[in-house]
Amino acid sequence: MPMPPAATSPACRLIIDKKFVRTCAIRAVRLALEAAVIPALLLYAALATVGQVWGLVSVLVWSGLIVAVRLRSQSTVPRTLLLAVLMLVGRTSLSLALSSIYVYLLQPIAGSLLMAVIFLGSAAIGKPITKHLCRDFIALPQMLFHDKRAHRMFTQVCVLWGMSRLLDVGMNLGFLHLGARDALLSRGVFSTTLTVLTVAVCIAWGWSRLRRMPNFTIAFA
């Protein structure tokens with residue numbers, strides 16, 4: 001009696017919307033410039049000329065200007081931008097109240113450390129947070145969330161991001177020891193560059209792992 005053919009996993013196809021990816025990339029770059037790079041450069045220039053108080057005031061003015069321009073050109077302010085601006089205003093206001101530029105500089109370092117703990121911790125317990133975060137950006141086939149190889153990929157990306165945040169903490173603390181101006185340059189330019197590079201590495205790594213999975217193809221629309 002002939003044996004039935006072995007069951008095979010159903011083929012799965014991931015469709016990536018190129019327009020959506022391009023829009024997300026533009027928004028991310030704009031957010032980084034508006035909420036990190038430009039405020040840091042404003043404060044850096046002020047420390048070299050008029051002092052930290054006016055530098056912190058210029059950051060507050062810039063924050064208000066961002067929201068005003070977005071409200072004028074759009075009906076609402078994007079939630080990610082609003083959250084970033086609120087965090088920026090919060091730490092700037094606290095720095096002004098305490099007359100300490102170091103409060104402004106230490107808060108992002110603490111944020112990077114917390115992020116490292118969350119990502120590395122979730123990878124260590126076998127529940128990588130990247131698996132859930134991906135759903136906020138792209139519709140992934142359900143089979144990916146039950147495949148061991150995909151789970152391993154999500155865990156590896158989680159570790160990559162967590163290690164990047166630890167590197168960010170170490171880099172910024174090192175520059176902070178050199179002085180406030182060096183720390184601002186690190187936070188505004190080097191940290192942003194590190195983040196962009198880490199995103200690229202994580203995407204490339206995840207892409208390479210997915211392409212090796214059998215019965216799984218990636219297409220662009």
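**View 1. The nonpolar surface patch and the share that helix 6 has in it.** In this predicted model, helix 6 gives the nonpolar patch its largest share, three residues; helices here are DSSP runs of H or I with at least four residues, numbered from the N terminus. The patch covers about 410 Å² and consists of Leu113, Val117, Val159, Met163 and Leu166, and the elements contributing two or more residues to it are helix 4 (101-124) and helix 6. Val117, in helix 4, counts as exposed because its relative accessibility is 53%, where exposed means over 50%, buried under 20% and partly exposed in between.

**View 2. Helix 6 and the residue that follows.** Spanning residues 148-178, helix 6 has 31 residues and reaches 46 Å from first to last C-alpha, close to the 45 Å expected at 1.5 Å times one less than the number of residues. Just after helix 6, Gly179 adopts a positive phi of about 140°.

**View 3. Surroundings of Ile101.** Leaving aside neighbours within four places in sequence, Ile101 is in contact with Leu43, Gln52, Leu56 and Ala180, contact meaning heavy atoms within 4.5 Å.

**Notes.** Residues are numbered from 1 along each chain as its sequence is written, and side-chain values use heavy atoms, without hydrogens or water. Local features need pLDDT of at least 70 and side-chain atom pairs count only at pLDDT 80 or more, whereas totals for chains, interfaces and linings use all residues.

Technical notes
Patches are made of residues with over 30% relative accessible area and no salt bridge: like charges are joined within 9 Å, nonpolar side chains (Val, Leu, Ile, Met, Phe, Trp, Tyr) within 5 Å. Accessible areas come from the Shrake-Rupley method with a 1.4 Å probe; for residues, only the protein chains shown count as cover. A salt bridge is a side-chain nitrogen of Lys or Arg within 4 Å of a carboxyl oxygen of Asp or Glu. Buried means under 20% relative accessible area, exposed over 50%, partly exposed in between (1.4 Å probe, protein chains only).
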